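I opened the model today to look up how its parts meet. My entries follow, in the order in which I checked things.

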Amino acid sequence: MADALHWVGGGLVAIGAIWSIMGAVGVLRFPDVYTRIHAASLTDTGGATLMLLGMAFLAEPGIVTLKLFFVWAFVMLTTPTASNALASAAYSSGHRPRIGNFEFMRGNDSPEAATKGESRP
Amino acid sequence: MLVAAGVAGLVVAMALMIVRAIVGPSHYDRILAANSIGTKTVLLIALIGFLFGRPAFLDVALVYALINFVATIALMKFFRYRTLASPLTAAPEKEHKNG
Amino acid sequence: MTTPFLDANFALNVALLLMLLAIALAVVRTRSLLAAILLMGVYSFVVAAWLMVMDAADVAFTEAVVGAGISTIVLLGAILLTHGEVVRVNWRLQVVPAILVLVVGGVLIYAAGGLPNFGDPASPANSHVGRIYLETTYGDIGAPNVVTAVLASYRGFDTLGETTVIFAACVGVALMLGFGPRVDTAPTVDVMGDHHVVLRVISKMLIPLIVLFALYVQFHGDLGAGGGFQAGVIMAVAVILHAMIFGLGETTKAFRPGVMRSISAFGVVLYTGVGIVCLVNGGGFLDYDFLFTPQVEAMIPPGLLGDPDKPHHWGQHFGILFIELGVLLTVASTMVSIFYGFAGRTIEAIKAERGS
């Protein structure tokens, strides 16, 4: 039983590491800030979840599991928030996405108008 | 063994992110890479703790998660607005009036 | 030294050190000071990960909170007062410093050959003073974390000196960058209608958690990694996060600059006071075994901390507690004061001051 848990935990950690590498390749290869933010934040949260879950399997149940939960909660709170703030700052400073269909944005291309329109319904 | 593979994978991912942090091209790319390196460091420290049988390292991982967030916000705010002192958002009641 | 695990450990060390080298070269090459600060933050993260590999948890802790956190923010504040770009210097002026750096580096690399192996039990550091500390700390002081015991008790006088240096930094920044009122009159920069609503809500949730975690680090210091210094910086980071999200004006209403500077002095006074109480009770300066007179010590219930049958070193316990509290107060308020000093001063503010 303990051996099975060990393999499950180790497997989750290894898969999490593969996710992180995939995210890093995405950050390196994608063409603009937004796609890079997308790659980094998704794989950071996903990879962190897998790895911390794997470590929870590896650890004895108790205070360590609780601490792993806190680390997970912090990462899940802060990484998406930082990505969101970064993306909105990049957008309002005039960066425009390079790929995708952005016809609907043509009407209000000034940064101020665009962000105001989004944040004040 | 699998945990060691996890450590190796994280180190490779950090190295790739460092390339992005160095080449840029915009400051937002650099902040993004720095934030991502921070998250990977958190995981790396937790894993090293397990590898060495020292789960007390998780305290340090928690501090990293915190500091990483605050440093990212500081860099973002500075690069975008060239200030650290101004509030990032208007006060809620003002928002209400304007909206 | 040839087991697979040690080889993997060696590979990990080499990989992290190569990353550090790459980042350091990039910091030297870049012209933008902002990019240099960011890369130095990344450097701190990697260096701290490497310190964890070397099993130096307390140092990695400090590197994380100071190198990646506070110094990034303070350096950003310093850039507010500069151009933000490196000015190209005549290369002739750089010849002498370059030779000096190469010579010192060469000497250090040459000397590294004479160092004992990492973790060698026969090395001088591990066989004399270090071994005595490791053998006697638990019996003398009862703190499981030897680093805290050495810093707070055996070398308490050194730590008092360090705390005083931090207080001196607070005074120095206050003298250079100005006292309170200038902070309040700092010009507010238009944030161009951006509404970081998510950031605001999440920060509101995080700030109490950060303070709570700082207290955990503070009181957990004699059991695991951490202590007053790290806890103080974490607490200051909570205040700085508040200032960045809600504005310096709001923060200075809650944590007044004058009060912060007073607390900074009070921390040093508390630390010194503990030492003087020990002196009055017949011990040496900062000799915590004499912190309580026997009458007071008899009043402490035996079951206050842990096992009632086990003998406790109450003086050592409370002495470390008090001086760590002093360190916490000084460090936290000094970091906040320094942040106020840098963030409250901008080029516009200086120009307005000189114009009037």
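I count a contact when heavy atoms lie within 4.5 Å.

**Ground rules.** This is a predicted model, where local features need pLDDT of at least 70 and side-chain atom pairs count only at pLDDT 80 or more, while totals for chains, interfaces and linings use all residues. Residues are numbered from 1 along each chain as its sequence is written, chains are lettered from A and ligands numbered from 1 in the order in which they are written, and side-chain values use heavy atoms, with hydrogens and water left out.

**Entry 1: chains A and B.** I took helices (H or I, at least four residues) and strands (E, at least two) as DSSP runs, numbered from the N terminus. Chain A has four helices and zero strands. Chain B likewise comes to four helices and zero strands. I then looked up burial: buried means under 20% relative accessible area, exposed means over 50%, and partly exposed is in between (1.4 Å probe, protein chains only). In chain A, 44% of the 121 residues are buried. In chain B, 69% of the 99 residues are buried. I also looked at contacts between residues at least 6 apart in sequence. In chain A, 66% of these join residues at least 24 apart. For chain B, the share from residues 24 or more positions apart is 44%.

**Entry 2: chain B against chain C.** How many residues of chain B are in contact with chain C? I find 53 residues of chain B touching 62 residues of chain C. Buried area here is the accessible area (1.4 Å probe) that two parts lose on being put together, summed over both. Chain B and chain C bury about 5300 Å² between them, and 79% of that is on carbon and sulfur atoms. I67(B), Y81(B) and L84(B) supply 12% of the area that chain B buries against chain C, more than any other three residues.

I checked charges next. A salt bridge is a side-chain nitrogen of Lys or Arg within 4 Å of a carboxyl oxygen of Asp or Glu. Between chain B and chain C I find zero salt bridges. For polar contacts I used pairs of N or O atoms within 3.5 Å; within protein, one must be able to donate a hydrogen and the other to accept it, and residues adjacent in sequence count only if both atoms are side-chain atoms. Two residue pairs are in polar contact across the interface of chain B and chain C (both at pLDDT 80 or more).

Helices α1 (2-23), α2, α3 (58-81) and α4 (92-98) of chain B each supply at least two residues of the side that touches chain C. The largest share, 20 residues, comes from α3(B).

Entry 3: T41(B) sits in helix α2 (residues 27-51) of chain B. I call T41(B) buried because its relative accessibility is 0%. Beyond its neighbours within four places in sequence, T41(B) touches M14(B), Y64(B), F45(C) and A49(C).

L206(C) lies in helix α10 (residues 197-219) of chain C. With a relative accessible area of 0%, L206(C) is buried too. Leaving out residues up to four places away in sequence, L206(C) is in contact with F74(A), L77(A), T78(A) and F69(B).

**Entry 4: salt bridges.** Over all chains the count is four. K40(B) and D44(A) meet in one, at 2.8 Å, N to O. This pair crosses between chains, from helix α2 of chain B to helix α2 (residues 33-58) of chain A. K40(B) is buried at 1% relative accessible area, and D44(A) is buried at 3%.

D59(B) and K67(A) form another, at 3.2 Å, N to O. That pair runs from helix α3 of chain B to helix α3 (residues 63-92) of chain A. D59(B) and K67(A) are both buried.

Within chain C, K253(C) pairs with E250(C), the closest N and O atoms being 3.4 Å apart. They are separated by about one helical turn because they are three residues apart in helix α12 (residues 248-254) of chain C. Here K253(C) is exposed at 55%, whereas E250(C) is partly exposed at 43%.

**Entry 5: domains of chain C.** Bounds come from an automatic or database domain assignment. It gives domain 1 (1-110) and domain 2 (143-356) of chain C. Here 14 residues of domain 1 are in contact with 21 residues of domain 2.
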